[in-house]
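Have a look at the model first, then read on.

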Amino acid sequence: MDTKESIYSFPKNQESNYLTLKDRLSIQMRLNRIEGQVRGVQRQMERDDYCDQILNQVEAIHSALSAVGILLMSNHLKSYAASADSKHSESIAQEMLKTMSILVNRKEEEK
């Protein structure tokens, strides 16, 4: 089964993405905090703050975005696992690995 077929084997009801209310609220709170941090960096740039202070905030934003990505990835993988049937389990596993590699490769590139 190719990628296109495995996408079609994914649950048809996209509204059910396995994000619990707690996870949704957690992600929304994190995104709101990130938005505030980005605005703070903009203000730091306007004030011509010291680079180390700005870079510290940029790293905090980056870490916060990574945490959001991990939460989303976790829920995405749960969705794939829940949709797995024996006929398509190998292709679904391959899709899960591809999706995980996106996050992992970003981490490796940062080193």
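## Surface, fold and core

The chain exposes about 8,100 Å², and carbon and sulfur atoms supply 56% of that area. Keep in mind that this is a predicted model. Of its 111 residues, 27% count as buried.

On secondary structure, things are simple: four helices and zero strands, giving the pattern α-α-α-α along the sequence. As for contacts between residues at least 6 apart in sequence, 63% join residues at least 24 apart.

Now for the inside. The largest nonpolar core is made up of nine residues: Leu19, Ile27, Ile34, Val41, Ile54, Ile61, Ala64, Val68 and Leu71. As background, nonpolar side chains in soluble globular proteins tend to be buried together.

Which residues does Val41, a member of that core, touch once those up to four places away in sequence are set aside? The table lists them, next to the partners of Gln37, counted in the same way.

| Residue | Touches (residues up to four places away in sequence not counted) |
|---|---|
| Val41 | Ile54, Gln57, Val58 and Ile61 |
| Gln37 | Gln57, Ala60, Ile61 and Ala64 |

Gln37 lies in helix α2. Is Gln37 buried or exposed? Its relative accessible area is 18%, so Gln37 counts as buried, the cut-off being under 20%. Among its partners are Ile61 and Ala64, which both belong to the largest nonpolar core.

How values were computed. Residues are numbered from 1 along each chain as its sequence is written. This is a predicted model: local features need pLDDT of at least 70, side-chain atom pairs count only at pLDDT 80 or more; totals for chains, interfaces and linings use all residues. Side-chain values use heavy atoms; hydrogens and water are left out. A nonpolar core is a set of buried Ala, Val, Leu, Ile, Met, Phe, Trp, Tyr and Cys residues joined through side-chain atoms within 4.5 Å. Buried means under 20% relative accessible area, exposed over 50%, partly exposed in between (1.4 Å probe, protein chains only). Contact means heavy atoms within 4.5 Å. Helices (H or I, at least four residues) and strands (E, at least two) are DSSP runs, numbered from the N terminus. Accessible areas come from the Shrake-Rupley method with a 1.4 Å probe; for residues, only the protein chains shown count as cover.
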